[in-house]
Amino acid sequence: MLEDIEKVRCISCNWTSNAITRYTFCPKCGKPFIFIYNLEKLKERVSRRELKKRAFNMWRYLELLPISSQGEIISLGEGGTFLHKANKLAKGLGIKNLFIKDETTNPTGSYLDRGSSVLTSMLVEMGYSSIIGAVGGNLGASLSAYMAKAGIKGRFFMPLNVDLGKLYQVLAYGPELHMVKDLEEGRRRALSVRIDEYLIDDRDPYIAEGKKTIFWEIVEQLQWETPDWIIAPMASGGLVSMIYQAYLEMKDLGFLEDPPRIVGVQPLGSPSIVNVITGIKEYGKESIIYDLSVIKPVFLEKAIEAIKKTNGRAVAVEDEEMYEYTRKLARNEGIFAEPAAASTLAALDRLLNEGVVSRGDIVVCLITGSGLKDPRTIKWEEGRKLKKKWEVGHLERTKKLILQIVAEGERYGYEIWRELKNRGIEISLPAVYQHLSELLSLGLLRKIGVVEVRRRKRTLYGLTNKGMALAFN
Ligand SMILES: [Zn+2]
């Protein structure tokens, strides 16, 4: 609880403070900070016997959360989620003990509700009546719900590419919503924060603290056994950081000894943390899993510590692998996840193939959010046609650039390849033809005719009206 916190400490520089400040990040370097509790003192109050008396939800660990003992808890019924023994998926993967921590059943369908509940309770305690900030889809939906419950005004900036389901949720809860080009622009606009207003961003220490309770619950649900592996998606790196922080606290409280090996997963199209850890500069095609495509992960240092100190792994997976496991998870275990969440199973598949995870290991995959939030889950084989329609509205960068190049004049494949290279996009010639064929089937390009260049026949491409409309929008 607030009164058990000894200090706050920056995850990156050596800044610490004894006071519970009104800062929400390190004033020295701008990185997140974490709360350090007096665990010696807490040993007396937090025991297995004491926990046994409490209801199974995240608030059974309230001593380890930054909550005032006098304050009111703003709850919508978050946490206390089911730990599935996923036997069918396990069999398919050739592993004995696979568990799924199903966070899709939280009030707004994502694990972030845990942090929102902590933050909202604190805002009420500190007397804030308004909150402002740039938020991604899941956080926006979650905060909007909790602010509605607490009667706190929300003023949020959300990127235009937000998943549709998440946008619907936010609209339903009714905060003041501004759509912006990207989170960067949202952050700039949120600097209009008023003196009586709380500024939220992805460094928020209260949101982070709520994430710890996932690990506590898992360990209890496994009868106080630490799993060999725990696999979580990484966006800003906050989740793996706080799983590790929860482990450190549980260890100091005497609840367990060895850590689980922590695995963080990112899309191959945006492997900002994975690349730092593996030292490999690998990129796949641009990811459309926006919530995980974070270019500057604020919890980077702590996420690296979590993975390295536990002898864990950082894994990047293709978007298609996430879709594949979204489908498998739904059809084998009855859990409908968003693709970002199913990334943990795709990562497990890779680690089993590489022989890193052994067949007899106990593995927990976190499923952080519900499939209802992301209409792209229809990218299953029966949804291919719908997928194409969707892609017209969300053209990836390379395709858009091709349209822009062709808009300047009709071109053949090799010329387009050369022009892309001039503009900093180095892809193979076959990849260019793949893009061209997809743009043709989307009805954005058309074949104008054939020209002969150095005795070879080349197909000339031009824009359709639809292509012209999309090239610069
Ligand atoms: Zn710092």
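## Pairing of strands S1 and S3

Strand S1 (residues 5-10) and strand S3 (residues 33-37) pair in the antiparallel sense over five bridges; strands count as paired if DSSP finds at least two bridges between them. Strands here are DSSP runs of E with at least two residues, helices are runs of H or I with at least four, and both are numbered from the N terminus. The structure is a predicted model, in which local features need pLDDT of at least 70, side-chain atom pairs count only at pLDDT 80 or more, and totals for chains, interfaces and linings use all residues. Residues are numbered from 1 along each chain as its sequence is written, and side-chain values use heavy atoms, with hydrogens and water left out.

Within this pairing, Cys10 stands opposite Phe33 in S3. The bridge partner of Lys7 in S3 is Ile36.

## The three-stranded sheet

S1 and S3 belong to an open sheet of three strands in the order S2-S1-S3, with antiparallel pairing. S2 and S3 stand at the edges with a single partner strand each, so one side of each lacks a neighbour in the sheet. Strands of a sheet pair through backbone hydrogen bonds, either parallel or antiparallel.

S1 and S2 pair in the antiparallel sense over two bridges, and a hairpin of five residues joins S1 to S2. Val8 has Ser17 as its bridge partner in S2.

## Burial of strand S3

Strand S3 is mostly covered, since five of its five residues are buried, where buried means under 20% relative accessible area, exposed over 50%, and partly exposed in between (1.4 Å probe, protein chains only). In a regular strand the side chains alternate between the two faces of the sheet. Both faces of S3 are covered: Phe33, Phe35 and Tyr37 are buried on one side, and Ile34 and Ile36 are buried on the other.

## The zinc site

The ion is coordinated by the SG atoms of Cys10, Cys13, Cys26 and Cys29, at 2.2 to 2.3 Å. Donors are N, O and S atoms within 2.8 Å of the metal (3.2 Å for Na, K and Ca); water is not among the atoms, so sites may look incomplete. The angles among the four donor atoms run from 99 to 116°, and the site is tetrahedral, a class that requires all angles of four donors to lie between 85 and 135 degrees. Ideal angles at a metal are 109.5 degrees for four tetrahedral donors.

Along the chain, the donors of the zinc ion follow the spacing C-x2-C-x12-C-x2-C. Cys10 lies in strand S1 and Cys29 in the loop between strand S2 (16-17) and S3, so the pair ties together parts that are 19 residues apart in sequence. Cys10 is buried at 5% relative accessible area, as is Cys26 at 1%. Cys13 is partly exposed at 23%, and Cys29 is partly exposed at 36%. A search of the whole structure finds zero disulfides, a disulfide being a pair of cysteine sulfur atoms within 2.5 Å.

## Aromatic pairs

Rings of Phe, Tyr and Trp (its six-membered ring) pair if their centres lie within 6.5 Å; planes under 30 degrees apart count as stacked, over 60 as edge-to-face and the rest as tilted. By this rule there are ten aromatic pairs. One of them joins Phe33 and Phe35 edge-to-face, at 5.8 Å centre to centre and 85° between the planes; both residues are buried. Trp15, Tyr23, Phe33, Phe35 and Tyr206 form one aromatic cluster.

The rings of Tyr128 and Tyr198 have centres 5.4 Å apart and planes at 75°, so this pair is edge-to-face. The pair links distant parts of the chain, 70 residues apart: Tyr128 is in the loop between helix H4 (112-126) and strand S6 (130-134), and Tyr198 is in strand S9 (residues 197-200). Tyr128 is buried at 11% relative accessible area, and Tyr198 is buried at 3%.

## Charges over rings

A charge sits over a ring if NZ of Lys or CZ of Arg is within 6 Å of the ring centre and within 35 degrees of the ring normal. Arg203 lies over the face of Phe25, at 3.7 Å from the ring centre. The charged end of Lys85 sits over the ring of Phe99, 5.7 Å from its centre.

Notes. Four donors count as tetrahedral if all angles lie between 85 and 135 degrees; four count as square planar and six as octahedral if opposite donors are over 155 degrees apart and all others between 65 and 115; anything else is irregular.
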